[in-house]
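Let's take a friendly walk through this fold, beginning with the overall picture and then turning to helix packing and a few individual residues.

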Amino acid sequence: MQTTFRTENLSVFYGKYEAVKNIDMNFPEQSVTALIGPSGCGKSTFLRSLNRMNDDIAGSRITGKIWIDGKDINAPGTDVIELRQKIGMVWQRPNPFYKSIYDNIAFGPKYHGIKDRRKLDEIVESSLRKAALWDEVKDRLKQSALSLSGGQQQRLCIARALSVNPRILLLDEPASALDPVSTAKVEELIIDLKKELSIVIVTHNMQQAARISDYTAYFYLGSVVEHDKTDIIFTNPTNSNTQEYISGRFG
Ligand SMILES: Nc1ncnc2c1ncn2[C@@H]1O[C@H](COP(=O)(O)OP(=O)(O)OP(=O)(O)O)[C@@H](O)[C@H]1O
């Protein structure tokens, strides 16, 4: 089934402060959308609202709508756990559970009711393969996830998100804490994963946005100034403010 995912006139407030303003954005299937813009312009706030992570922040509220497959994710009665199964998230700093590599991946499927050991083994292997980590960890699945390097931990967190078959993956600067080799692996992985998913990524790295994304949205002061195909944003942006930002003249 095709997944449709979009925001409609979405604003996000912290108290009276409007951190994200009236955003209409569509995230096509099998594509990567990069969110770029200077610090404090609302990228992470927008990203977090897409799977209701802002619910946990006191004083935060939204207006407008976020639609997945025609359903409003903030409608009363929405099962937030199920929602986050469909819309997974990976943070800037790898945050594996204090558990074995195997149990990090099996946790979500078990929570959602899968008990059969063989089925769990399959999910663990396929998730680690999709995250390009299987070959590095297949002989040490019972070891603590914290024994992995930072780059491996981040791919483990991606595998953990994949273990429950999400349709959308939200990535908040997933490579900014990683060395160049690990960054390249995560970038390759993102390009590979978009065959199955729609991916939204916040990044401060312009080269990274240009390398891996199909669409780019430039945020400034809570608004989307320009949102277009990545080639256009990076070669022929309409807005002078976008041009200045991507060429490193401010931000
Ligand atoms: N929990 C919070 N409570 C109050 N204000 C917040 C909170 N989180 C973010 N803000 C404010 O909302 C605005 C947008 O912040 P946000 O973190 O979304 O920006 P960003 O573009 O992701 O920044 P960065 O690139 O530095 O991560 C900023 O002015 C920030 O201070």
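## The chain as a whole

Over residues 5–246 the chain is 37% helix and 26% strand, with the end C-alpha atoms 27 Å apart. Helices (H or I, at least four residues) and strands (E, at least two) are DSSP runs, numbered from the N terminus. Please keep in mind that this is a predicted model, in which local features need pLDDT of at least 70 and side-chain atom pairs count only at pLDDT 80 or more, while totals for chains, interfaces and linings use all residues. Residues are numbered from 1 along each chain as its sequence is written.

An unreviewed UniProt entry lists residues 5–246 as "domain: ABC transporter". UniProt positions are given here in the numbering used for the model, feature names are shortened, and annotations may be inferred rather than shown by experiment.

## The nonpolar core

The largest nonpolar core has 64 residues, and L35, I199 and I201 have the most contacts inside it. Helix α6 (residues 150–162) supplies the largest share of this core, 6 residues. A nonpolar core here is a set of buried Ala, Val, Leu, Ile, Met, Phe, Trp, Tyr and Cys residues joined through C-beta atoms within 7 Å. A residue is buried if 20 or more other C-beta atoms lie within 10 Å of its own, exposed if 12 or fewer, and partly exposed in between, with C-beta atoms placed from the backbone. In soluble globular proteins, nonpolar side chains tend to be buried together.

Leaving out residues up to four places away in sequence, I201 touches V32, A34, L35, L171, P174, I190 and S213. Two residues are in contact if their C-beta atoms, placed from the backbone, lie within 7 Å.

Two packed helices are described by the angle between their axes and the distance between the axes. Axes are lines fitted to C-alpha atoms, for helices over the stretch in contact, and angles run from 0 to 180 degrees between N-to-C directions.

| Helix pair | Axes come within | Crossing angle |
|---|---|---|
| α3 (residues 101–111) and α6 | 7 Å | roughly 30° |
| α3 and α4 | 9 Å | roughly 115° |

Helices α3 and α6 are therefore roughly parallel to each other; angles under 35 degrees count as roughly parallel, over 145 as roughly antiparallel, 65 to 115 as roughly perpendicular and the rest as oblique. On the α3 side, the contact with α6 is made by I101, N104, I105 and G108, and these meet L156, A159 and R160 of α6.

Helix α3 passes α6 in a right-handed crossing, and the crossing of α3 and α4 is right-handed too. A crossing is right-handed if the near helix is turned clockwise from the far one by less than a right angle, and left-handed if anticlockwise. Where α3 meets α4, Y102, I105, A106, P109 and K110 face L120, I123, V124, S127 and L128.

Which residues of α3 are buried? They are I101, N104, I105, A106, G108 and P109, and they pack against α4 (117–130), α5 (134–137) and α6. Just after α3, G113 takes a positive phi of about 105°.

T45 lies in helix α1 and is buried, with 21 other C-beta atoms within 10 Å. Leaving aside neighbours within four places in sequence, T45 is in contact with V12, A19, V20 and N54. T45 and Y14 are 31 residues apart in sequence, and their C-alpha atoms are 9.7 Å apart in space.

R52 has a positive phi of about 65° although it is not a glycine. Is R52 buried or partly exposed? With 17 C-beta neighbours inside 10 Å, R52 counts as partly exposed, whereas M53, with 20, counts as buried. Beyond its neighbours within four places in sequence, M53 is in contact with R48 and M89.

E173 sits in the loop between β7 (168–172) and α7 (180–193). E173 has a positive phi of about 45° although it is not a glycine, and it counts as buried with 20 C-beta neighbours inside 10 Å.

R93 belongs to the loop between β6 (87–90) and α3. With 13 C-beta neighbours inside 10 Å, R93 counts as partly exposed.
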